[in-house]
Amino acid sequence: IPPIPQHGTIFYTSGGHKASAIFLDEELVITSGLILSDNDSLVQKLTAAAKYSTIIELGTELKEIYDLDFRVVRKHDSALQQQAARAYHIVHSHRVQECMERMLEGLHMSINGDMRPVRSYAPLYASIVILSTNVEKYVTWNEIKRVIDKLRPACCEGPKLLDDVVTVSTPYGDESFFNTLNVGHISNSFGEHECLLLLDTHLSSGCQGGAVYNRNMKLQGILIGSKFMYRNENVSFPLAISMEEIVGIALNRRNLCQSLPMALPVQAFRSVCMIDSQGCWGTGCAFELNGRHYIISCSHVLATDNITCVFNGQTTMHPKLIYKNPIFDSAYDIALMEATFEEAQSSNWFCQLANYIPRIGQRLYAVGFPVLKSLARGVNFKPSIIPGRVTKYSEGLLFTDCSIQCGQSGGPLFDENGLLVAIAVSNFKSSVDNIIYNCHNMCVPVKDIYSTLERYSLTRDKAALEGLQADWDVRCKWKLKPPVILNKL
């Protein structure tokens with residue numbers, strides 16, 4: 001990792017929490033508008049001002065923020081040093097606000113211990129505060145633009161799906177964790193002009209205002225959130241405003257570079273679908289075997305036999321349910337569906353199965369719709385691509401460290417050639433602390449059910465699908481029962 005640019009933590013003396021911050025030069029600092037989230041009066045005033053402007057001059061429009069006593073902590077030589085700072089401008093993205101209000105509706109955030117809907121704070125998520133540590137000199141917008149112009153991404157530097165990224169932030173706003181680095185990938189993008197980036201890095205509260213860099217330490221985005229609540233469960237959903245969006249607003253330019261082309265083989269990506277079964281939903285994958293076309297998912301995703309599969313381009317399919325494991329809280333939580341002849345012939349949607357046992361450490365890609373069903377609505381068909389590796393294999397059970405969450409049940413794990421290697425089923429929930437660990441997940445290896453699927457595709461005999469009922473040893477593994485230890489002293 002190349003040398004880390006200058007970063008810091010930031011707070012204002014009458015506020016209640018700290019955030020991360022980035023120094024653009026020796027004096028100019030930027031952070032997330034969420035630094036203001038614990039002051040309801042300022043939230044309301046910023047919300048009102050952002051309706052009419054994308055560049056808000058605080059000295060005239062929001063003097064209450066201009067008058068706040070900000071302090072920035074950064075490293076000088078080997079010691080941390082605190083400086084006074086003043087906020088001068090806010091850059092606001094209407095695209096990001098709309099995305100937070102519509103696509104990400106249903107997420108909640110913690111404010112002073114209370115759970116509040118994210119949509120109520122969408123204007124803060126969509127705002128970047130620009131400050132200066134030179135509090136004696138008023139900083140004009142033209143001076144700020146000259147610095148921001150240097151951050152303009154070149155065409156070859158724009159973010160791409162599955163790009164390696166490095167985040168720099170201060171977890172929990174605690175200087176003990178000052179300049180913490182986390183390495184991950186860009187797994188998705190949301191909104192018009194791909195204004196929001198979704199990462200698979202392991203971040204915590206206090207990361208807001210931190211930086212997202214590519215492998216060459218070129219600034220790609222500014223972090224605005226990481227941990228949320230969804231249906232009373234903690235979810236990891238690290239979000240960043242793309243630097244292209246911020247620079248585009250500041251310089252009044254659009255489409256600064258081409259961004260986010262597809263990385264996996266196209267056919268593999270097309271095979272992914274969102275499955276809706278009368279309100280119960282998850283992810284599925286269409287595959288071809290011996291000239292026949294099937295869709296595979298998890299049994300617990302299907303509430304009824306009335307099934308709708310939504311593919312890219314809003315192509316829909318209503319497959320026939322062939323098999324559904326009646327004991328779906330145990331091993332091989334598998335459901336198999338078949339496309340009708342007319343639907344199967346309409347597009348090249350179908351991937352191929354991987355008939356091999358994946359190696360420990362092998363790179364895999366989990367594709368699906370984590371947390372939010374809205375990611376598969378309308379033109380916003382946005383399955384996330386989350387890379388990881390095989391961490392353990394035992395007959396009938398594959399463990400990976402891909403960041404898999406609710407909504408990805410039944411989703412595919414592809415290898416680098418786009419072959420379907422496994423089906424995601426569940427995370428691990430510890431009985432010790434009752435916490436769900438999204439990077440420790442359990443999957444059905446395709447290799448272990450391949451012969452059963454092939455036999456059925458050749459014979460059309462449903463009795464062949466009885467092979468999808470796991471034996472006692474495999475069921476014990478899925479129940480996480482400890483193996484028998486033979487003492488041979």
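Predicted model: local features only at pLDDT ≥ 70, side-chain atom pairs only at ≥ 80, totals over all residues.
The chain comprises 10 helices and 30 strands. Of its 489 residues, 56% are buried. Among contacts with a separation of 6 or more, 66% are accounted for by residues 24 or more positions apart.

Empty space in the model was then examined. In general, the empty space that is left among the atoms is shown by rolling over them a probe the size of a water molecule. Three cavities of 30 Å³ or more are present in the structure. The largest cavity has a volume of about 80 Å³, and its lining is formed by S187, L198, L199, D200, T201, S236, F237, P238, P370, I386, S403 and Q405. By residue class, this lining divides into six nonpolar, five polar and one charged. Strands β12 (196-199) and β15 (233-242) each contribute at least two residues to the lining of the largest cavity, and the largest share, three residues, is supplied by β15. Both domain 1 (9-251) and domain 2 (266-479) take part, with at least three residues of the lining of the largest cavity drawn from each.

Two residues that line the largest cavity, L198 and P370, are also touched by S384. This serine is located in strand β26, which spans residues 384-394. With a relative accessibility of 0%, S384 is classed as buried. Apart from residues up to four places away in sequence, the residues touched by S384 are S187, N188, L198, A366, V367, G368 and P370.

Among the open spaces, the second largest pocket has a volume of about 480 Å³. The lining of the second largest pocket consists of 26 residues, and H17, S110, S205, G206 and Q208 lie nearest its centre. Two elements, β7 (108-111) and β14 (219-230), are those that give two or more residues to this lining. The largest share of the lining of the second largest pocket, six residues, is provided by β14. In terms of residue class, the lining of this pocket is made up of 11 nonpolar, 12 polar and three charged residues.

The cysteines were considered next. The count of disulfides in the model is zero. C195 takes part in no disulfide, the nearest cysteine sulfur being that of C99, 5.2 Å away. The side chain of C195 belongs to a residue that counts as buried, because its relative accessibility is 0%. A second case is C309, whose closest cysteine sulfur, in C273, lies at 4.2 Å; this distance is too far for a bond, given that a disulfide requires sulfur atoms within 2.5 Å. C309 likewise counts as buried, because its relative accessibility is 0%.

I295 belongs to strand β18, which covers residues 292-297. This isoleucine is buried, because its relative accessible area is 0% and the cut-off for burial is under 20%.

How values were computed: Residues numbered from 1 in each chain as written. Heavy atoms only, no water. 1 Å grid on protein atoms, 1.4 Å probe; cavity = no way out; pocket = protein on both sides within 12 Å on 5 of 7 lines; lining within 4 Å. Points joined across faces, edges and corners; volume = space filled by probe spheres on them. Helix = DSSP H or I, 4+ residues; strand = E, 2+ residues; numbered from the N terminus. Nonpolar A, V, L, I, M, F, W, Y, C, P; charged D, E, K, R; others polar. Buried < 20%, exposed > 50% of the residue type's maximum accessible area, 1.4 Å probe, protein only. Contact = heavy atoms within 4.5 Å. Domains from an automatic or database assignment.
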